[in-house]
Amino acid sequence: GGQGAQKLGMASDLYAAYPIVKETFDTASRILGYDLRELIDSNEEKLNQTRYTQPAILTTSVAIYRLLAENGIAPDIVAGLSLGEYSALVAAGALSFEDAVALVAKRGEFMETAAPAGSGKMVAVMNTDPNLIEEICQEASEKGVVTPANYNTPAQIVIGGEVGAVDYAVELLKEAGAKRCVPLKVSGPFHSALLKNAGEQLAEELKSVKLSTPWIPYVSNVTADYVTDASQVAELLKQQVSRPVHFTQSVERMIADGVDTFIEIGPGKTLSSFVRKIDRNVKVYNIEKPEDLDRVMEELAC
């Protein structure tokens with residue numbers, strides 16, 4: 001999952017029930033230098049700051065991934081939306097969990113600095129032709145940066161950029177017949193050119209991180225295609241911060257290649273709902289509580 005999915009107390013039931021989950025949180029806390037579990041359980045203000053949100057969601061997701069693996073459920077293909085790519089890379093063996101935790105904490109800092117809270121905004125545009133959205137963003141660019149940021153489903157595209165330009169694009173979209181434009185609760189204009197600087201800083205950081213060839217197929221947000229080479233991973237993670245997330249295209253690609261069951265790990269059900277809207281013939285599960293795990297185990301008959 002991506003940012004905005006975090007919630008107070010997430011995975012606390014799993015943490016209490018399964019040693020592997022506790023162990024994953026303990027490792028993260030050691031690397032971060034603060035008690036991540038306590039932050040998630042008691043400090044909503046910090047949890048919503050992107051430098052804390054990112055390691056919190058990553059750790060929750062990897063903990064659940066490890067719990068599934070321990071129970072014999074392993075993926076054939078992995079992908080994630082935005083921040084979720086880091087969990088996917090850990091699952092694919094391309095990046096160690098320890099490195100990923102340190103990296104996304106830095107990524108959060110870089111993103112906060114590149115686009116301080118209030119310097120930009122993101123708006124989800126519903127049921128509007130993608131070509132029209134792209135054209136209008138182009139037109140509204142005379143007022144500043146505004147571009148598509150997330151292609152979530154065929155009927156939900158998020159645009160982002162500088163406040164004035166985004167507002168102008170929304171005005172033009174409404175004139176063109178867009179009925180629903182929903183501002184998102186995020187702290188900055190992620191996946192827009194305003195974060196290019198954060199991408200550069202991330203690239204520097206990535207130089208000292210060991211990236212390996214993914215050992216299961218992994219689909220990138222930037223290209224909606226498989227990445228098989230460790231050297232491509234660093235370049236794509238750098239670009240990913242300031243380039244649109246092609247989630248719809250990624251899911252369509254996986255389905256075209258025979259994927260018929262998707263399991264969303266981590267807080268919330270956002271990606272599950274996206275996948276259902278992209279194709280309602282596939283099976284979709286999400287896991288955030290012990291009973292979710294039991295249901296998936298039963299249905300997949302492990």
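In the predicted model, strand 5 (residues 261-265) and strand 6 (residues 283-287) run parallel and are joined by five bridges. Within this pair, Glu 264 lies opposite Asn 286 of strand 6.

Antiparallel pairing characterises an open sheet of four strands, arranged in the order 2-3-1-4. Its edges are formed by strand 2 (146-153) and strand 4 (181-183), each of which pairs on one side only. From one strand to the next, the twist averages 25 degrees. Strand 2 runs antiparallel to strand 3 (residues 156-162), and six bridges join the two; here Val 146 stands opposite Gly 161 in strand 3. Helix 8 (residues 130-140) packs on this sheet, where it touches strand 1 (120-126), strand 2 and strand 3. The direction of helix 8 makes about 160 degrees with that of strand 2.

A further contact involves two helices. The axes of helix 2 (residues 19-32) and helix 7 (residues 97-114) approach within 10 Å and cross at roughly 50 degrees, which makes helix 2 oblique to helix 7. The crossing of helix 2 with helix 7 is right-handed. On the side of helix 2, the contact comprises Thr 24, Thr 27, Ala 28, Ile 31 and Leu 32, which meet Phe 97, Glu 98, Val 101, Ala 102 and Ala 105 of helix 7. By residue class, this contact divides into seven nonpolar residues, two polar and one charged.

Technical notes
Residues are numbered from 1 along each chain as its sequence is written. This is a predicted model: local features need pLDDT of at least 70, side-chain atom pairs count only at pLDDT 80 or more; totals for chains, interfaces and linings use all residues. Side-chain values use heavy atoms; hydrogens and water are left out. Axes are lines fitted to C-alpha atoms, for helices over the stretch in contact, and angles run from 0 to 180 degrees between N-to-C directions. Angles under 35 degrees count as roughly parallel, over 145 as roughly antiparallel, 65 to 115 as roughly perpendicular and the rest as oblique. A crossing is left-handed if the near helix is turned anticlockwise from the far one by less than a right angle, and right-handed if clockwise. Contact means heavy atoms within 4.5 Å. Ala, Val, Leu, Ile, Met, Phe, Trp, Tyr, Cys and Pro count as nonpolar, Asp, Glu, Lys and Arg as charged, and the others, Gly among them, as polar. Two strands pair if DSSP finds at least two bridges between them.
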